[in-house]
Amino acid sequence: MHSIARTSLAALIAASMTPPPPTHGTDPLMLPGVSRELARSRGAALSNVRYQMALSLARRDTARGTVTVRFNAARSADVILDFRGPWIGAVRVNGGEAKTEFNGAHLRIPARAVRAGPNVVELPFASLIAPAGASIIRYHDARDNNDYLYTLLVPSDANALFPCFDQPDLKARMTLSLSIPTNWRAIANGITEQVDTAGSLLTYRFRETDPLPTYLFAFAAGPWARFAGVGHRTPLWVRASRANEVEVDSLQNQVASALSSLERYFGVKYPFQQFQYMLSPAFPFGGMEHPGVTMFNEESFIYREPPTLNQRLGRRATIYHEVAHHWFGDDVTMRWFDDLWLKEGFATYMAAKMQAIEGLPNPWMSFYLRNKPLAYDVDQTSGTTPVWQSLANLDQAKSNYGAIVYNKAPGILKQLNYLVGDSAFRAGLHEFLISHQYGNATWQDLLASIGKAANRSLTEWGRQYILRPGMPVLEQRLEIANGRVSRLTLIQHPAQALSGKGVWPMRTEVVLWSRDSTPVFVPVEISAETTIVAAAKGRRAPDFVFANANDNAYGLVMLDTASVQWLSQHVGEVKDPLLRAMLWGAMWDLVRDARLAPATFIATAMRELPQETDEQIAAGIVTRLSRATATYISAAQERELVGAVERTLLGLASDASRPYGIRKSALDAYVAMAKTPGALATLAAWLDSASTAGLPLRQPTRWNIVTHLVERGSARADSMIAGEERRDTTSSGKRSAFVAVAAKPATAVKGDYFRRYFADTTLNEEWVTASLRGFNSSDAAALTLPYLVPALDSLPWIQRNRRIFFLGSWLGSFIGGQRSGEALREVDRFLAEHPKLALDLRQKVLQSRDDLERTVRIRAKYAGGVALTP
Ligand SMILES: [Zn+2]
């Protein structure tokens, strides 16, 4: 069934591989990428690195330039530079022509040309400019026909831009000059010192940068608009056609408050020449922390319809995260990408901590909602990795990005902060930042600083939380006799066998909660598999117990039967929003573990939603309600339930007494779910109206409606899409049309899109990502099943050619679009037939497989027609 698609895909991938694979003779250091050995040997031999680069951006597809690399060598020995761009010219070393060896990945300068002490290497080179797959991204603005360029080198693309030592611990100062068309402007890490006109070009000269790792070098060029910023300290750049849509004041205020809160907390001044930031169109991440050119995702920073609280909080969290990186990551940098968690975990944890210190409402609830469920979902799979992830070669560094570093790492930092207390934590961070300023450090350095301040060894803590893969599960056992607690037991076990035996040391608080008395919080230290909570004994029987009150522990809490029974009837009575959010999470974890019937969860959600007052919690309930209805129940249950779920969502969306964010998330879920003929007719009618459920109808929702109707096989698909494109002529409209077509349940469309994902070099990567969900709509699972194995076959190509987060979205969509045992068997057969698949790729497949396996298990157990209990 897959052979045809597979063969054509293999040919396609082979054809689109340019340049040919480099040859490397016999020297392993000359292999593609940057091996850990190469990085280690260079790190020991070289120092005092400086780059002087002149680059012309006058041509559309190729940048041409020269670079002068200065460095000190400990002794006269071969020096290897990294470069995988399309062309280099003659190389001069220390003033003379040198016979060097270039293999498409590295340039070797022979020992005889290298002196002990200072050396200078000069060479011309070219690098690529393209919408995707190049170190310089070109974005074409369809509205005003302007081109915008920006670089995005993290983690391993600096060596696609220019010849360099591409490793984070050879920090260097860069002096850059850029030649650009006269109607453009440019920004870079350093302050602009001079702009000269020469013929049809402008040349920008930037001040020499502070010491930076190669992955943080950045520039942008194009007809950008500029907003000066508070005291001209924080200029904001945005493309001209969207300049009047930016909420400049609120962005500027948040940037300014993040900068001052972090300076105050760390006791370390902002460490770089300038803070400038820009909104990058079609940006493949949420943000990127280049000093002087910090980039944010334009699409999630400029709202095309009024934002929900969740969107606003997400934007603020991203701003604080990227600003925090200027200390954690930019100033003190990981030595190698195995310690990626060190910067990512900190940036996210600090973002929440600063908002808590500033007194913003419920930052730890947002922190929980944005991190813990994502971390737990991956960390309980057999594809999980330790927080510290061994990395043999920089070209696999993309695989180290994911929920473990972004969501688990901040979670364990919260546990560490709770363990050592606020003042030791803060003092330790200050010492860490001061002693490694503009340098590099490892996780051991961090734990040493915090351990010293706390006057305790954190070695065992590090072994359990940083080096050990997987996570603990805490099972609650509550025994009641005569209306009193006779015993409360917490049993800790690893979620997966790969963690091995042993207990994660843990400090937590257990809450015993009753509706008619004050909750009792009991601090508990866990150091054994079974912990009896002695302080609970003899207390009045609570309505429920929860073993991670205040979310300080990192672990999956499995509620006891009595607690879950009470909660599925009364969870809304818990007024503390953080606790209520975690209880919804704990009930959902029971659903995902096939211990609680999806229909029970659906009934609880439908009953509680109309009363839920917190926007963030309501949005989470809506997401899980949609997921349970779309994926976990049988066709018969669906016939029985879907109309009621639609009515609940529509009722909530239409209720003018509810906050906008709650109405909007219900509306979005209704649009995404609509299945009954009545609901589909409602959607179609909305397109001819100015409002939906009483909310003004704006373009993004119009596109969601069109995409959903297309996905449901509307006979009017083509005319609807064409009509919408006439109405929305922005580049965002073009992207939305591309996404809508992907959702068509038609064999020819799926085939065409799948080919274009690999072969169409004009496609922005972000467009492809946006289209994957629609392509893999679960209603079209039979149509897309033939692409499942080809999608898995393409992983090595994707790892080479796509940016950091793409591979996870790709797998999440192709595996996540399926829900059958047949699909699960296809994934398992693929894994069995590819024993040599690289470990990092196998782990990513296993992470996505886990969710499909749970879906199959839940459906096998409950989709046989279990009646609604509540
Ligand atoms: Zn980050």
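Predicted model: local features only at pLDDT ≥ 70, side-chain atom pairs only at ≥ 80, totals over all residues.

Biologist: Which residues coordinate the zinc ion?

Modeller: His-321 (NE2), His-325 (NE2) and Glu-344 (OE), at 2.0 to 2.1 Å. Donors are N, O and S atoms within 2.8 Å of the metal (3.2 Å for Na, K and Ca); water is not among the atoms, so sites may look incomplete.

Biologist: What spacing do the donors follow along the chain?

Modeller: H-x3-H-x18-E. His-325 lies in helix H6 and Glu-344 in helix H7, so the pair ties together parts 19 residues apart in sequence. Helices here are DSSP runs (H or I, at least four residues), and strands are E runs of at least two, numbered from the N terminus.

Biologist: Is Glu-344 buried or exposed?

Modeller: Buried, with a relative accessible area of 2%. Buried means under 20%, exposed over 50%, partly exposed in between (1.4 Å probe, protein chains only).

Biologist: Switching topic, how many salt bridges are there?

Modeller: 53, each a side-chain nitrogen of Lys or Arg within 4 Å of a carboxyl oxygen of Asp or Glu. One of them joins Lys-372 and Asp-551 (2.7 Å, N to O). Lys-372 is in helix H8 and Asp-551 in the loop between strands S29 and S30, 179 residues apart.

Biologist: How accessible is Lys-372?

Modeller: Lys-372 is buried at 0% relative accessibility, and Asp-551 is buried at 0% too.

Definitions and conventions: Residues numbered from 1 in each chain as written. Heavy atoms only, no water.
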